[in-house]
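My entries follow in the order I made them.

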Amino acid sequence: MNKTSKSNNNHFAEIKPGDVDKLMPIELACHSHPWSEKTFLSCIGGRYFGEKLGEKLGEQHGALSIGFYIGEYVVGEATLMDICVLPSEQGKGYGKVLLNQFLAQAKRLGANKIFLEVRAKNIAAQMLYMNAGFIEIDRRTGYYPSSSGFGYEDAIVMSLKC
């Protein structure tokens, strides 16, 4: 899919509490230790912002959710809290589309520095973030429960100056 057709078919909409039940299957499919519905709901509104990405299917069908992001904004700093793309749609550039949308929204809110954490073993996500200009600033040893269910995995803390 070329960039022009992809951008023409993408539709972003603010995440509202009523969207959580439709987005939870994506959350569950993307993470070995996903957010609970309660946690997801607590990250809507207030200092949190998020959008779902849908592919336009026409007025009768609305938009099919491909992925979403949740961010947090506090006094000039934004944090990417969660970003997910349906596993069947991964590798098609939607992660980059979502990340760019998050960055644009964080800048509109006034962020001059952006943070995120990523699993040390998630090389694809690290490459996405590095290609967007993020740099590693710290490591949190044993931060995430291992996806294998035994032990823990480090988190890499990354930042981007706007």
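**Entry 1: salt bridges**

I looked up Lys52 and Asp19 first, and both are buried (under 20% relative accessible area, with exposed over 50% and partly exposed in between; 1.4 Å probe, protein chains only). I note that this is a predicted model, in which local features need pLDDT of at least 70, side-chain atom pairs count only at pLDDT 80 or more, and totals for chains, interfaces and linings use all residues. Residues are numbered from 1 along each chain as its sequence is written, and side-chain values use heavy atoms, with hydrogens and water left out.

The side chains of Lys52 and Asp19 meet in a salt bridge, 2.8 Å from N to O (a side-chain nitrogen of Lys or Arg within 4 Å of a carboxyl oxygen of Asp or Glu). Lys52 lies in strand 2 and Asp19 in the loop between strand 1 (10–14) and helix 2, so the pair ties together parts 33 residues apart in sequence. I took helices (H or I, at least four residues) and strands (E, at least two) as DSSP runs, numbered from the N terminus.

The structure holds seven salt bridges. I looked up Arg47 and Glu72 next, whose closest N and O atoms are 2.3 Å apart in a salt bridge. Arg47 is partly exposed at 44% relative accessibility, whereas Glu72 is buried at 15%.

Arg139 forms a salt bridge with Asp154, at 3.3 Å between the closest N and O atoms. Arg139 is in strand 6 (residues 135–145) and Asp154 in strand 7, 15 residues apart. Salt bridges that share partners join Glu136, Arg139 and Asp154 into one network.

**Entry 2: cores**

I then went to the largest nonpolar core, which has 26 residues (a set of buried Ala, Val, Leu, Ile, Met, Phe, Trp, Tyr and Cys residues joined through side-chain atoms within 4.5 Å). Leu80, Leu99, Phe102, Ile114, Tyr129 and Phe134 touch the most other members. Helix 4 gives the most to this core, with seven residues.

What does Phe102 touch, leaving aside its neighbours within four places in sequence? I found it in contact with Phe49, Tyr69, Gly71, Ala78, Thr79, Leu80 and Ile114, contact meaning heavy atoms within 4.5 Å. A second, separate core of 13 residues includes Ile26, Phe40, Tyr48 and Ile70.

**Entry 3: helix 2**

The buried residues of helix 2 (residues 20–30) are Val20, Leu23, Met24, Ile26 and Glu27. Why are they on the same side of helix 2? They cover an arc of only 170° around the axis, which puts them there; the arc is that of the directions from the helix axis to the C-beta atoms.

**Entry 4: surface residues**

I checked Val75, in the loop between strand 3 (63–74) and strand 4 (77–85). Its phi is near 40°, a positive value in a residue other than glycine. Val75 is exposed, at 75% relative accessible area.

Lys38, in helix 3 (residues 37–42), is also exposed, at 71%. Lys38 and Val20 are 18 residues apart in sequence and 9.5 Å apart in space, C-alpha to C-alpha.

Last, I looked up Met127, which lies in helix 5 (residues 123–131) and is partly exposed at 40% relative accessibility.
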